[in-house]
Amino acid sequence: MMTAWSEGGAGQEALPYPYYIDIVTKRYFDGVDNKDMQKVLDCFTEDAVLTEVTSNTVHTGRDVGIKAMFAKLFADFSSIWHGNFVHTADPQSNAVCSQFTVLITPNGGDELRYENCNRFYLKGDKFHRVYVYMSGDNLLKEGDA
């Protein structure tokens, strides 16, 4: 009997540890920092949900809510950088937690520094649920879908 998917729940297929670090840094955050929408979206399942937890802002669907959120982020900020990563991957639950620094510059403004933490739950080999914890004001506002 197939059980329904749940975050870190039963029925997860463990991926090799380096896979988790690769999808987070070399694909997802590299795509964000270079404003490469397709590279970013390729990391998500079609029905993924991204939640900015500190403001309880929920973005539903890779091609609707998540895409619109990134379109707004890319348009509103001239420079984005993620680094100083500390990862804890748990292949048995098909999840990875990443702590990192964000240096981000609003158009015409001064650079902001955040210390954030994301929890990524994968379904297969893509992000299905992502929880973002920000150290400052929510930068992941709803976009126009």
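**The space inside**

So, a search of the whole structure turns up one cavity of 30 Å³ or more. Quick caveat before I go on: this is a predicted model, so local features need pLDDT of at least 70 and side-chain atom pairs count only at pLDDT 80 or more, while totals for chains, interfaces and linings use all residues. Residues are numbered from 1 along each chain as its sequence is written, and side-chain values use heavy atoms, with hydrogens and water left out.

By cavity I mean a set of points, on a 1 Å grid over the protein atoms alone, where a 1.4 Å probe fits but cannot get out; lining residues have an atom within 4 Å of a point. Points are joined across faces, edges and corners, and the volume is the space filled by probe spheres set on them. The largest cavity holds about 160 Å³. Who lines it? There are 16 lining residues, and the closest to the centre are Phe 29, His 82, Asn 116, Met 134 and Leu 140. H1, H3, E3, E4 and E5 are the elements that give two or more residues to that lining. Those labels are DSSP runs numbered from the N terminus: helices are H or I, at least four residues, and strands are E, at least two.

Now the core. The largest nonpolar core has 36 residues, and the ones touching the most other members are Tyr 28, Phe 44, Leu 50, Phe 70, Leu 73, Phe 120 and Phe 127. Several elements each supply at least two residues, among them helix H1 (17–33), helix H3 (61–76) and strand E5 (112–123). H1 gives the largest share, seven residues. Here a nonpolar core is a set of buried Ala, Val, Leu, Ile, Met, Phe, Trp, Tyr and Cys residues joined through side-chain atoms within 4.5 Å. Buried is under 20% relative accessible area, exposed is over 50%, and partly exposed is in between, with a 1.4 Å probe and protein chains only.

Zoom in on Phe 120. Leaving out residues up to four places away in sequence, Phe 120 touches Val 24, Tyr 28, Phe 29 and Phe 127, among others. Contact here means heavy atoms within 4.5 Å.

What about a histidine: is His 128 buried or exposed? His 128 is in strand E6, and it counts as buried because its relative accessibility is 3%.

On to cysteines. The search finds zero disulfides, a disulfide being a pair of cysteine sulfur atoms within 2.5 Å. For Cys 97, the nearest cysteine sulfur is that of Cys 117, 3.5 Å away.

Last, charges. There are five salt bridges, each a side-chain nitrogen of Lys or Arg within 4 Å of a carboxyl oxygen of Asp or Glu. One joins Asp 30 and Lys 39 (2.5 Å, N to O); Asp 30 is partly exposed at 29%, and Lys 39 is partly exposed at 27%. Another joins Asp 76 and Lys 72 at 2.8 Å; both lie in helix H3, four residues apart, about one turn of the helix. Then there's Glu 115 with Arg 113 at 2.9 Å. In that pair Glu 115 is partly exposed at 40%, whereas Arg 113 is exposed at 57%.

How values were computed
1 Å grid on protein atoms, 1.4 Å probe; cavity = no way out; pocket = protein on both sides within 12 Å on 5 of 7 lines; lining within 4 Å.
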